[in-house]
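Please work through each task with the sequence and the structure in view before reading its solution.

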Amino acid sequence: MTRFTIPATAKAIALQLLVVALATIVLSASGNARMAPAITLPDRDGAKITLESLRGRVVLVDIWASWCPPCKAAFPAYDKLYRSYRERGFEVLAINVDEKRGAADAFLNSQEFQLRVLFDPKGTAPMGFELRAMPTSYLVDKRGAIRFSHEGFTEKVLPQYRSEIEELMAEKP
Amino acid sequence: MTRTTTIRRVLAVLALVALGAGATACATVQPWQRGRLSKTCMQFSPDPALTAFAGHWQESREGAAGGLGLQGGGCGCK
């Protein structure tokens, strides 16, 4: 009877793969969420707002532009979320990335909203968040970690937003 | 090594360096920088409805999709 032996190199590779797989499982199970980048941007009045100043609150960061129709569709929906939850410690930062302020203002003047709009013509916020598509929104928890993100927008995902916001607001800071 | 061969080699190296330098000039347009690309004038087709119709029948009859030059801003922004 022939006896098959596994080469030492193959054993070493298999062991390494096992270690990497285990490490991945452990890291994902521990909820190792990425921290939100430091952001300092002006609002409509020119006042500088930082994301760090909102620690202790659940923040929805929406990155939008006036040339992006799904972004414009999402804007009133996020404002509605803000009005629903603001009393319970929820904040929305709608970060506009239009290169020209006039285009953003034209859209904003056509809207009635209460959420906070920030202006980022140089795109520092999307770079920090490593944005891959427009629009993208991020739900940042009370500790400043990015817990959920949504690329694109449809009305169908609003119940999911609500459940995620509820989940984050139930957590302790 | 003859003088002609040396000159050819130097020219080949210079051509490669120029090619490499040119390649570094390429940059990816980030999703948030696509404001200009999303403008109607950046479309290959002047009629979005006609383009959408052509896309529809090509997809259903030929199993082909895309490549019709729709302008975009990232995730289907038009």
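**Exercise 1.** Determine how strand E6 (residues 136-140) of chain A is joined to strand E7 (residues 146-151) of chain A.

*Solution.* Begin with the bridges: five of them join E6(A) to E7(A), and the two strands run antiparallel. The model is a predicted one, in which local features need pLDDT of at least 70 and side-chain atom pairs count only at pLDDT 80 or more, while totals for chains, interfaces and linings use all residues. Residues are numbered from 1 along each chain as its sequence is written, and chains are lettered from A and ligands numbered from 1 in the order in which they are written.

**Exercise 2.** Place the strands in their sheet and explain why one side of E5 and of E7 of chain A is left without a neighbour.

*Solution.* The order in chain A is E5-E4-E3-E6-E7, an open sheet of five strands with mixed pairing. Strand E5 (116-119) and E7 of chain A stand at the edges, and because each has a single partner strand, one side of each has no neighbour in the sheet.

**Exercise 3.** Identify the residues with the most contacts inside the largest nonpolar core.

*Solution.* A nonpolar core is a set of buried Ala, Val, Leu, Ile, Met, Phe, Trp, Tyr and Cys residues joined through C-beta atoms within 7 Å. The largest one has 37 residues, and Ile63(A), Ala94(A) and Ile95(A) have the most contacts inside it. Its largest share, six residues, comes from E3(A).

**Exercise 4.** Decide whether Phe129(A) is buried or exposed, and list its contacts beyond four places in sequence.

*Solution.* Phe129(A) lies in helix H4 (residues 124-129) of chain A. A residue is buried if 20 or more other C-beta atoms, placed from the backbone, lie within 10 Å of its own, exposed if 12 or fewer, and partly exposed in between; Phe129(A) has 21 such neighbours and therefore counts as buried. Contact requires C-beta atoms within 7 Å, and beyond four places in sequence Phe129(A) is in contact with Pro37(A), Ile63(A) and Tyr138(A).

How values were computed. Helices (H or I, at least four residues) and strands (E, at least two) are DSSP runs, numbered from the N terminus. Two residues are in contact if their C-beta atoms, placed from the backbone, lie within 7 Å. Two strands pair if DSSP finds at least two bridges between them.
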